[in-house]
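Subject: Structure handover

Hello,

Please find the structure below, followed by notes on what was found in it.

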Amino acid sequence: MNLDAMWMPFSANESFKANPRIITAAQGMYFTDNTGRQILDASAGLWCVNAGHGNERIINAVTEQAKKLDYAPFFNMSHDIGFKAAERLVEMAPKGFDKVFFTNSGSESADTSLKIALAYHAARGETGRIKFIGREKGYHGVNFGGTSVGGIGFNRKAFNHLLPFVDHLRHTLDIERNGFTKGLPAYGAEWADELENRIFTLHDPKTIAAVIIEPMAGSAGVILPPQGYLQRIRDICTKHGILLIFDEVITGFGRTGGDWATNTMGVTPDILNCAKGITNGVVPMGAVLVGNGIYNTVVDAASEKTIEFAHGYTYSAHPLACAAMIATLDVYRDEGLFERAAQLSPVFEQAAHSLQGTPFVKDIRNIGLVAGVELETSSAGLGKRAGLVQQKCWEAGVLMRLTGETLAFSPPLIVNEAEIERIFSTLGQAITEVANQEAATV
Ligand code: PMP
């Protein structure tokens, strides 16, 4: 296989060639690689294949849709499956979300949500509200807005210049006080008050358009909000007329042990972004949800009545994605996958936390069917030790996500207890092997 032509995203393209990991097929909980090995998918692809790979109902729905209507444009027209998909998503959305703006990814959802926030304020005559506040370690995709409000330094640094008028709150990771917490950490709700402090010391509150937050920061290593933190952020935003955006690209569709983190954590944003699990990863799709209040404000104020919101993608509400979405939501409902995730989460939590005391394990964080196991950084550099552990797990037939020093687990919601046990025992063994190797070389 010629590996030269593809510039792989987020990868070490050249060193990859020495030891390529190449997937050729997937079914259920397993990938098959190009050597024919079965690999247990402990990350649901990239946190997206919540119903497992190769689900027949979803694939049939996409195939049938392709035969019927492959594509149709918008600009004052649309298609039946798009309206059906929107209605279906609104039905299962948290209360108060009435309208869906379709995108093709989490990154597009992030940028769309920021533009909706600007349009909303402008529509109300608050044209001075142009600033956004994100958080350190936040991830909102890779488009310009999302990268700017994102707070993973490494993702920003290569680009030299991003959007101005963006500030970041501190992240909520405090291993010293909250290490090895199961679920939401006890300490740190008061960090939310930094928002109020900053808007008084650094910004006039009337200059801030929106605060964007992942209820659970996945890409930076499964960082959970302290109990009460999100509510305090919500209250401060409400008090100052600032919109609150939740990026539920990972946390939506059953991941946190309920349908949405908005519901499992009991705090409702003004704008809700999603993607990934929306189509089970089968066809790219994202969505931004808002209530009628935001929608009506933007639409009513539009000066140009033939185009009320000058934003959209050629593939917004793509018919194949809509078909995949409807079938995916049917599968989640009919197979009771969100309930299953809730039922399995104590087993998952127990299995993850059984690694406390294993060499180098610095912290374990979890909620629902997602967990992060963070290792101590070795003298070889950030992520080197965790990278070795991940490689050993891959060799043992288990794939998880590696981010910094954290190994992140988010299996499809069809995972069973034996697979959960295998995932974490494989990790424990891999860490022990790396520890033994390090001891032998000292
Ligand atoms: N937001 C969050 C919270 C994410 O986790 C991701 C992807 N990991 C994105 C946005 C970007 O999504 P995509 O890669 O589909 O653009």
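Which of the 15 residues around the ligand come nearest? They are Ser 105, Gly 106, Ser 107, Gly 141 and Val 249. Before the rest, a word on the source: this is a predicted model. The protein has a mean pLDDT of 97, with 100% of its residues at 70 or more. For the complex, the predictor gives a pTM of 0.98 and an ipTM of 1.00.

Helix H5, residues 106-123, supplies the largest share of the shell, namely three residues. Sorted by class, the shell around the ligand contains seven polar, six nonpolar and two charged residues.

The remaining notes concern helix packing. Two packed helices are described by the angle between their axes and the distance between the axes.

H13 with H3

Helix H3 covers residues 56-68, and its axis comes within 8 Å of the axis of H13, crossing at roughly 150°. Angles over 145 degrees count as roughly antiparallel, and H3 and H13 are therefore roughly antiparallel to each other. The crossing of H3 past H13 is right-handed. On the H3 side, the contact is made by Arg 57, Ile 58, Ala 61, Val 62, Gln 65 and Ala 66. They meet Pro 319, Leu 320, Ala 323, Ala 324, Ile 326, Ala 327, Thr 328, Asp 330 and Val 331 of H13. By class, this contact of H3 with H13 has eleven nonpolar residues, two polar and two charged.

H13 with H4

Helix H13 (residues 319-334) also packs with helix H4 (residues 80-92), at an angle of about 35° and with the axes 9 Å apart. H4 and H13 cross in a left-handed sense. From H4, the residues in contact are Ile 81, Gly 82, Lys 84, Ala 85, Arg 88, Leu 89 and Met 92. Their partners in H13 are Pro 319, Cys 322, Ala 323, Met 325, Ile 326 and Leu 329. The contact of H4 with H13 counts ten nonpolar, one polar and two charged residues.

H9 with H10

Helix H9 (residues 193-201) and helix H10 (residues 229-240) have axes that come within 8 Å and cross at roughly 30°. Angles under 35 degrees count as roughly parallel, so H9 and H10 are roughly parallel to each other. Asp 193, Leu 195, Glu 196 and Ile 199 of H9 meet Arg 232, Ile 233, Ile 236 and His 240 of H10. By class, the contact of H9 with H10 has four nonpolar, three charged and one polar residue.

Regards

Technical notes: Residues are numbered from 1 along each chain as its sequence is written. This is a predicted model: local features need pLDDT of at least 70, side-chain atom pairs count only at pLDDT 80 or more; totals for chains, interfaces and linings use all residues. pLDDT is the predictor's confidence in each residue, from 0 to 100. A residue is near a molecule or strand if its C-beta atom, placed from the backbone, lies within 6 Å of it. Helices (H or I, at least four residues) and strands (E, at least two) are DSSP runs, numbered from the N terminus. Ala, Val, Leu, Ile, Met, Phe, Trp, Tyr, Cys and Pro count as nonpolar, Asp, Glu, Lys and Arg as charged, and the others, Gly among them, as polar. Axes are lines fitted to C-alpha atoms, for helices over the stretch in contact, and angles run from 0 to 180 degrees between N-to-C directions. Angles under 35 degrees count as roughly parallel, over 145 as roughly antiparallel, 65 to 115 as roughly perpendicular and the rest as oblique. Two residues are in contact if their C-beta atoms, placed from the backbone, lie within 7 Å. A crossing is left-handed if the near helix is turned anticlockwise from the far one by less than a right angle, and right-handed if clockwise.
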